[in-house]
Amino acid sequence: MLGEPAGRGTSPPLELCSAGSEAAPRAPRTEMPQRCAGDKAAVSLPPLVFRSPPSAAVTDAPGRQASPGSALSPGAPGSAALSPLDPCSQPLCRPQAEKRARAAPDVHYVAAGPQGAACGWRAFAPGWLQAFNTPRGFLLFLCAAAFLQGMTVNGFINTVITSIERRYDLHSYQSGLIASSYDVAACLCLTFVSYFGGNGHKPRWLGWGVLVMGAGSLVFALPHFTAGAYDAQAADGVGTCGANRSVACGDGASGLSGYRLVFMLGQFLHGVGATPLYTLGVTYLDENVKSSYSPVYIATFYTAAILGPAAGYLIGGALLNVYTDVGSRTELTTESPLWVGAWWVGFLGAGAAAFLTAIPILGYPRQLPGSQRYVVMRVSETHQLKDSGPTAASNPDFGKTIRDLPLSIWLLLRNPTFILLCLAGATEATLIAGMSTFGPKFLEAQFSLSASEAATLFGYLVVPAGGGGTFLGGFFVNKFKLRGAGIIKLCLLCTLTSLLASFIFFIHCPNVPMAGVTASHSGSLLPDGHLDLTAPCNADCACRPEHYSPVCGSDGLTYYSPCHAGCPGAAVPSPSGQKVYRDCSCVPQNFSSGFGHATAGKCTSTCQRKPLLLVFIFVVIIFTFLSSIPALTATLRCVRDRQRSFALGIQWIVVRTLGGIPGPIAFGWVIDRACLLWQDQCGQQGSCFVYQNAAMSRYMLISGLAYKVLGFLFFAIACLLYKPPSESADGLGASLPSQSSASDNATDLPDAPSALQPHSDV
């Protein structure tokens, strides 16, 4: 049983006298609470108080000196006569000094001076700036960087990718290469950044990374300014019956497709710059706050990263309603297939904001003031291997050279808990990457929405579900004081809940009837895969399949184009602002003689299952993100302290290689299996126009269940194989104060001349 924290009893503190004269000014005193190292009855000990000598150091053993203000090492003489080499020539001032606390036999405490702990840029470090030199201050700027990264890479890119394809004549596989350039860059840089940055000046690595990320955003927006104005004319007659126009087929190379290399370069820079954020940023937070508070700080950081994509969907969707050449007048409307929105504005703003965010991050020190005591107080939860491992890994200089890289990798590969957590993270990343890319498309198909409406609705789901789940995951770890095995069990529970909620994909909304695709022109259902766009009512119109411009007839059927609806003339604006086609021969009129009319755009869905689908999709998202911070915390706790940054780098490589990169490809391939109507580009298959909702839900269910079951198994095996450290592994648990009694405020010890750091002999 551990003793109560020192300082609560009535015994006076013990003091070591200064080597100077009695008249010498007294230096500030550092008090260090102690616990009894024994495992018997609790013993309340007074705090040890050390005075810093003005000139000499205290020698705790032959040949070893401790810095001023340090505790006596084990084996150092207590009340015995001092050696001639000892600078302290005076005896202990109080009789209580004979009762000396026993420290851990393998830990020595040395002073770490405050040099270099000020916040600033070289010589410019004003006093008012030190108010931000706290974990909360750093968290603020780190959250801003994560928010910008998520908004740019996971928000703007997914929102504007179709506009970029239309503007620069890109094919789908080319836009896929643009999206994957981010993950390729991250995989190439993760090993280098996490290994060397983990032992370097983390804030500088982070600051320069944010600068590179901002440069990537500016490069991504560059084609808008170099490609010239968008020359697209609204041909109102094209696509109507009687306008027998054909599309000139041929190479028609406009030269704009070469800009895909610029977009790939911008995404590559995004990946390079964002690499330190989720490796060095996480470990820097974990090193500078109390262990029990670390999940809350990390959860706040990841919540900002989740809110970023949500903001990207909302802002990007709003910007797409603005014409790409801002200030220019055009006859195109947002419903036109030729419409291109202001996709580039968001990247300019994100790039400028990234430069402003990088400046304060570059000013932070290598370690925040007062952070050394958390290293002393943190009890290792490293997974215990069968043997103690190479003694070189315990060397304080381990991991600082490239020669230690193979051994570092080998130590991680021998950690089964770490490997299983990486694999579980890869399965979750596959689902997150696939749903973030094709979630808007799923909502668009199920509820017959426009692209901007689907992106906005998906953003409304991700904001509370993704952000709330991420923050609650860290909150639960801190609230219930979960340790290694308990954290993995929480991940297991979250995965099981989201797995059960995934069965909602058994339910789907029926397709809005489309003439010639899902229903005949008379309204009866067509068998799957049977397309019949031509009917007697439009046979004389010679409709071209290249002109896809859906219209909603007054009979409730969606038609492929005004031509397929038999509409002879151009549209006229209605009082509500919509384009209306009159006298369409394929649209029956029920209440009077003559033909019906059609309105530009698809018919709206009347699905009654929409609220139920949205609620359960919300549950799947929130519990998927709820396990992210606990899984990350478990990873930090199951590896050696010096390998945390490198372990996160290796984990991100596994997650991106097995999850982030193949996830969108796998989900895209599955969703393409549900396509009913493909685009016809002069005889070549283009993108999919119409999906079969039942098949899409079925394939999403199969994919979701497969990856969720794998994730559940990986978490379950990790929980079974995890071996918590023995109570006497390092002796720290008995000799160090409770973490719950420590504060995470760096100003708790304003008078302390130095902070304490552990140096292990093992």
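Contact here means heavy atoms within 4.5 Å. With that in hand, welcome to a short tour of a predicted model, in which local features need pLDDT of at least 70, side-chain atom pairs count only at pLDDT 80 or more, and totals for chains, interfaces and linings use all residues. Residues are numbered from 1 along each chain as its sequence is written, and side-chain values use heavy atoms, with hydrogens and water left out.

**The chain as a whole**

- The secondary structure comes to 18 helices and 14 strands; helices (H or I, at least four residues) and strands (E, at least two) are DSSP runs, numbered from the N terminus.
- Of the 762 residues in the chain, 50% are buried, where buried means under 20% relative accessible area, exposed means over 50%, and partly exposed lies in between (1.4 Å probe, protein chains only).
- Take the contacts between residues at least 6 apart in sequence: 77% of them join residues at least 24 apart.

- N133 sits in the loop between β6 (107–112) and α1.
- What makes N133 count as buried? The reason is its relative accessible area of 4%.
- Not counting residues up to four places away in sequence, N133 touches A117, A118 and C119, together with Y364, P365, L368 and P369.

- As a reminder, two packed helices are described by the angle between their axes and the distance between the axes.
- Axes are lines fitted to C-alpha atoms, for helices over the stretch in contact, and angles run from 0 to 180 degrees between N-to-C directions.
- Helix α1 (residues 135–168) and helix α4 (residues 260–274) cross at roughly 175°, and their axes come within 12 Å.
- The pair α1 and α4 is therefore roughly antiparallel; angles under 35 degrees count as roughly parallel, over 145 as roughly antiparallel, 65 to 115 as roughly perpendicular and the rest as oblique.
- From α1, the contact with α4 uses Q149, T152, V153, I157, I164 and Y168, while α4 brings F263, Q267, H270 and A274.
- These contact residues of α1 and α4 divide into six nonpolar, four polar and no charged; Ala, Val, Leu, Ile, Met, Phe, Trp, Tyr, Cys and Pro count as nonpolar, Asp, Glu, Lys and Arg as charged, and the others, Gly among them, as polar.
- Helix α1 also meets α5, with axes that come within 11 Å and cross at roughly 165°, so α1 and α5 are roughly antiparallel to each other.
- The crossing of α1 and α5 is left-handed; a crossing is left-handed if the near helix is turned anticlockwise from the far one by less than a right angle, and right-handed if clockwise.
- On the α1 side of this meeting are P135, F138, L139 and L142, and on the α5 side are G281, Y284, L285 and N288.
- By class, the contact of α1 with α5 has six nonpolar, two polar and no charged residues.

**Helix α3 and its partners**

- Helix α3 (residues 202–226) packs against helix α5 (residues 280–288) at an angle of about 145°, with axes 10 Å apart.
- This crossing of α3 and α5 is left-handed.
- K202, P203, W205 and L206 of α3 make the contact with L280, G281, T283, Y284 and E287 of α5.
- The contact of α3 with α5 has five nonpolar, two polar and two charged residues.
- P223 lies in helix α3 and counts as buried because its relative accessibility is 0%.
- Leaving aside neighbours within four places in sequence, P223 is in contact with Y168, Y259, V262 and F263.
- P223 and Y168 are 55 residues apart along the chain, and their C-alpha atoms are separated by 9.2 Å.

**Further along the chain**

- V572 is found in strand β9 (residues 572–573) and is partly exposed, with a relative accessible area of 39%.
- Beyond its neighbours within four places in sequence, V572 is in contact with Q578, K579, V580 and R582.
- Helix α13 (residues 610–626) has 17 residues, and its buried residues include L613, L614, I617 and V620.
- Q651, in helix α15 (residues 644–660), counts as buried at 9% relative accessibility.
- Not counting residues up to four places away in sequence, Q651 touches F418, L421, C422, L632 and T635.

Technical notes:
Expected span 1.5 Å × (residues − 1).
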